[in-house]
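Here is a short tour for anyone who likes to see the numbers behind a fold. Keep the viewer open and follow along.

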Amino acid sequence: MEFGVFDHLDRTEVPLKEYYEGRLKLIEAYEEAGFYAYHVAEHHSTPLGMAPSPSLFLAAVAQRTRRLRFGPLVYALPLHHPLRLVEEICMLDQLSGGRLDIGFGRGSSPMEIAFYGQDPKKAQNVYAEALEIILQGLVGGRVDFQGQFFSFKNVPLQLEPLQKPHPPIWYGVHSVDSAERAARQGLNIVSLDSAGETRSFSDRYRAAWRETRGETNTMPKIGISRFIVVGETDQHALDVARRAYRIWHRSFYHLYRLSGTRPAHPRPAEFDGMIQTGQGIAGCPQTVYESVKSELDQSDATYLVGQLAFGDLSLSESLRSVELFTRYVMPKLNAEKQLI
């Protein structure tokens, strides 16, 4: 069983200089604890995301860690020039010694795309063209492409990724159709939805994988992401999670409040609502173990991605949560998997 971390880097009252340093210290702790990878979101003009340039932040992560894999989940492709992004990906992969994972999407917020002067209605088509260009550049070192939004004539690239043919690719899934597409393309996936919905994704993913590649090839990771807070007691962990989640939720809805719209994938206003859907887990180590195990069993996911820092959780609170999770929860989950 492998474990990862997902992070929005949502804003707190801590000054940004201290905020970034605290987050980098926390990421060092993730590596020391044995997490597989650190996944960071990309957002703009909102307190939800203080890493609007994932590549820039991850370059710092590359220098503060030695074993931990990391990457964007995801690059919002309508907001990036594909040639520039190919070069950034190659640099990050080389700087990290081949520890980069990459994720691509069309962008979850139409408002953020519009702020950059892009048409949200065209985001899916822009994403599709940009992804084709990026993969062509990473694999072949040259781009020759004619599309609706981009046109390149035999452009040579001097940079190349360390990992061949390219770093592992991740995709966020919200439907069985997207899970099937990801399987046929050989992508790792992460679901933020309920365990029941994720089970339908994982079942379709496995079926499509077997149809495409048979039983002999190693299957990519099927991930499920959860807010997780571990404390000495259930009540203490719940109190902390409820307090921090309200701050995160306010940031999550910031742009939607300004525009009077709703997100495509809404979240409950209180952490107790997240507990009811299984998307939020808080408690003492035994409670967290039982909750996580249930989510993994129901979803049939192979990779747990914990959101261990959110809202106004202090560095010490997140570090304590990480310590308890890695000391008491991870070993029991690993032991369970070895018995299967």
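Which residues of strand E2 (residues 37-40) are buried on one side, and which on the other? Ala 37 and His 39 are buried on one side, and Tyr 38 and Val 40 on the other, leaving both faces of E2 covered. Buried means under 20% relative accessible area, exposed over 50% and partly exposed in between, with a 1.4 Å probe and protein chains only. In a regular strand the side chains alternate between the two faces of the sheet.

## Ground rules

This is a predicted model, where local features need pLDDT of at least 70 and side-chain atom pairs count only at pLDDT 80 or more, while totals for chains, interfaces and linings use all residues. Residues are numbered from 1 along each chain as its sequence is written, and side-chain values use heavy atoms, with hydrogens and water left out.

Helices (H or I, at least four residues) and strands (E, at least two) are DSSP runs, numbered from the N terminus.

## Strands around E2

Strand E1 (residues 2-7) runs parallel to E2, joined by four bridges; strands pair if DSSP finds at least two bridges between them. Across this pairing, Phe 6 stands opposite His 39. E2 also pairs in the parallel sense with strand E3 (residues 69-72), again over four bridges, and here Val 40 faces Pro 72.

E1, helix H1 (residues 16-33) and E2 form a right-handed β-α-β unit. From E2 the chain crosses through helix H2 (residues 54-64) to E3, in a β-α-β crossover that is right-handed. Right-handed means that, with the strands pointing away from the viewer, the path from the first strand over the helix to the second runs clockwise.

## Helix H2 against H3

The axes of H2 and helix H3 (residues 82-95) come within 9 Å and cross at roughly 10 degrees. Axes are lines fitted to C-alpha atoms, for helices over the stretch in contact, and angles run from 0 to 180 degrees between N-to-C directions. H2 is therefore roughly parallel to H3 (under 35 degrees; over 145 is roughly antiparallel, 65 to 115 roughly perpendicular and the rest oblique).

Ser 55, Leu 58, Ala 59 and Gln 63 of H2 make the contact with Glu 88, Leu 92 and Leu 95 of H3, contact meaning heavy atoms within 4.5 Å.

## An exposed loop residue

Ala 264 sits in the loop between helix H9 (254-259) and helix H10 (271-277). Its relative accessibility is 64%, so Ala 264 counts as exposed.
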